[in-house]
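Hi there,

Here is the structure I promised to pass on to you. Have a look at it first, and then read on for what turned up.

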Amino acid sequence: MIINNQTAIPQFILLGLPILPEQQQMFYALFLAMYLTTVLGNLIIIILIRLDSHLHTPMYLFLSNLSFSDLCFSSVTMPKLLQNIQSQDPSISYAGCLTQMYFFMVFANTENVLLVVMAYDRYVAICFPLHYTSIMSPKLCVSLVVLTWVFTVLYSMLHTLLLARLSFCEDNVITHFFCDISALLKLACSDTYINELMIFILGTLDTVVPFLLIVVSYVQIVCSILKFSTKQGIAKVFSTCGSHLSVVSLFYGTIIGVYLCPSANNSTVKEIVMALMYTVVTPMLNPFIYSLRNRDIKEALIRVLCKKQIPL
Ligand SMILES: *[C@@H]1O[C@H](CO)[C@@H](O)[C@H](O)[C@H]1NC(C)=O
């Protein structure tokens, strides 16, 4: 019997997390709780910003976009992971796998680019406070958001199309809990040189350029504080930039952890743990980082809740 290699693999096996069968229930409960927290936390931020007109400023509209992207980002991997922990059949179709990979890249990159947009917003707010409203006009905000999405959609499309050219052979076991591009490349039996080159070039540009832009924005911000250093000025800068800086550190801290700390042994386990950090933990923490330390959000929450109670 002759089977065409390419069509012989209609699906992949997602190996999932390296956990023991007796730990399954515990991990299921843990990840379900984390996923629900992520969905709820981000939904509250989006709804709050939509409902409260005091939060209709560029900073919060970008934050709302970030929450939306976090929500989608964890929804790309978590439901499948939860289903996999419970079921006996950890398979995923070829099309399903490529779709997951595509959306994973779209939302991960959106977060990446939005963090730059938010840094630029803070830079303008602090260094040009008098011109802030004219520079960050609604038109510019919408353009920045649209550009972010267009860029990430094209970027992810390119990687996905390059991957779709490859053929896959007998080995269809993905040693990961989602269809990660590098895990898939390991399974390909055609030449992956172009793919790896593009991942290296675009991936480096896509991490280093945003990171540098954020650093440059913050250097400008610090210079401007040093120039007009008053106690209130510094406190104000910390209150508006603190949350953004925490999210940036969490995001790039994980990326730097993944790439700059090579481990000789057990790299699969390390890869999975790091992937859990950025797919599960980061999207869950972002809304809390923004809301717990932020007076505007707390006040908006009180306003929205109280307004709702008056008609009752
Ligand atoms: C994203 O940002 C744009 C521009 O500021 C805004 O119009 C839009 O409502 C935001 N989208 C979400 C989902 O918050």
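Are Cys 97 and Cys 179 buried or exposed? Both of these cysteines are buried. Please keep in mind throughout that this is a predicted model.

**Disulfides**

Cys 97 sits in helix 3 (residues 94–127), while Cys 179 belongs to the loop between strand 3 (173–174) and helix 6 (181–187), so the pair ties together parts that are 82 residues apart in sequence.

The count of disulfides comes to 2. The other bond joins Cys 169 to Cys 189, with an S to S distance of 1.6 Å. Here the angle about the S-S bond is 80°, and the link is right-handed. This pair also links distant parts of the chain, 20 residues apart: Cys 169 is in the loop between helix 5 (138–164) and strand 3, and Cys 189 is in the loop between helix 6 and helix 7 (193–227). Cys 169 has a relative accessible area of 17% and is buried, whereas Cys 189, with 42%, is partly exposed.

If you number the bonded cysteines of the protein chain in sequence order, the pairing reads 1-3, 2-4. Cys 72 is in no disulfide, and the nearest cysteine sulfur, that of Cys 179, is 18 Å away. Cys 72 counts as buried, at 16% relative accessibility. Cys 306, with a relative accessible area of 39%, is partly exposed.

**Transmembrane regions**

Turning to the record, an unreviewed UniProt entry places the feature "transmembrane region" at residues 26–49, 102–120, 140–158, 197–225, 237–260 and 272–292. I have figures for two of these spans. Residues 102–120 are 100% helix and 0% strand in the model, and their end C-alpha atoms lie 27 Å apart. For residues 197–225 the end C-alpha atoms lie 42 Å apart, again with 100% helix and 0% strand.

**Nonpolar cores**

Which residues have the most contacts inside the largest nonpolar core? They are Phe 62, Leu 63, Leu 115, Ile 214 and Ile 221, in a core of 41 residues. The elements that give two or more residues to this core are helix 1 (24–51), helix 2 (58–86), helix 3, helix 5, helix 7, helix 8 (231–260), helix 9 (267–292) and helix 10 (295–309). Helix 3 gives the most, with 10 residues.

Leaving aside neighbours within four places in sequence, Ile 221 is in contact with Arg 122, Tyr 123, Ile 126, Cys 127, Val 237 and Cys 241. There is also a second, separate core of 26 residues, which includes Cys 72, Ile 85, Val 106 and Leu 276.

**Cavity**

How many cavities of 30 Å³ or more are there? The count comes to 1, and about 40 Å³ of space lies in the largest cavity. Its lining is made up of Met 59, Met 118, Asp 121, Arg 122, Thr 240, His 244 and Tyr 290. Helix 3 and helix 8 are the elements that give two or more residues to that lining, and helix 3 gives the most, with 3 residues. Helix 3 therefore comes up again here, as Arg 122 did among the contacts of Ile 221.

**Two threonines**

Finally, two threonines to click on. Thr 160 lies in helix 5 and counts as buried, at 10% relative accessibility. Not counting residues up to four places away in sequence, Thr 160 touches Leu 98, Met 101, Tyr 102 and Met 105. Thr 192 lies in the loop between helix 6 and helix 7. At 12% relative accessibility, Thr 192 counts as buried, and leaving aside neighbours within four places in sequence, it is in contact with Leu 166 and Leu 185.

Enjoy exploring the model, and write back whenever you like.

Best wishes

Technical notes: Residues are numbered from 1 along each chain as its sequence is written. This is a predicted model: local features need pLDDT of at least 70, side-chain atom pairs count only at pLDDT 80 or more; totals for chains, interfaces and linings use all residues. Side-chain values use heavy atoms; hydrogens and water are left out. UniProt positions are given in the numbering used here, feature names are shortened, and annotations may be inferred rather than shown by experiment. Helices (H or I, at least four residues) and strands (E, at least two) are DSSP runs, numbered from the N terminus. A disulfide is a pair of cysteine sulfur atoms within 2.5 Å. Buried means under 20% relative accessible area, exposed over 50%, partly exposed in between (1.4 Å probe, protein chains only). A nonpolar core is a set of buried Ala, Val, Leu, Ile, Met, Phe, Trp, Tyr and Cys residues joined through side-chain atoms within 4.5 Å. Contact means heavy atoms within 4.5 Å. On a 1 Å grid over the protein atoms alone, a cavity is a set of points where a 1.4 Å probe fits but cannot get out, and a pocket is an open set with protein on both sides within 12 Å along at least five of seven lines; lining residues have an atom within 4 Å of a point. Grid points are joined across faces, edges and corners, and a volume is the space filled by probe spheres set on the points.
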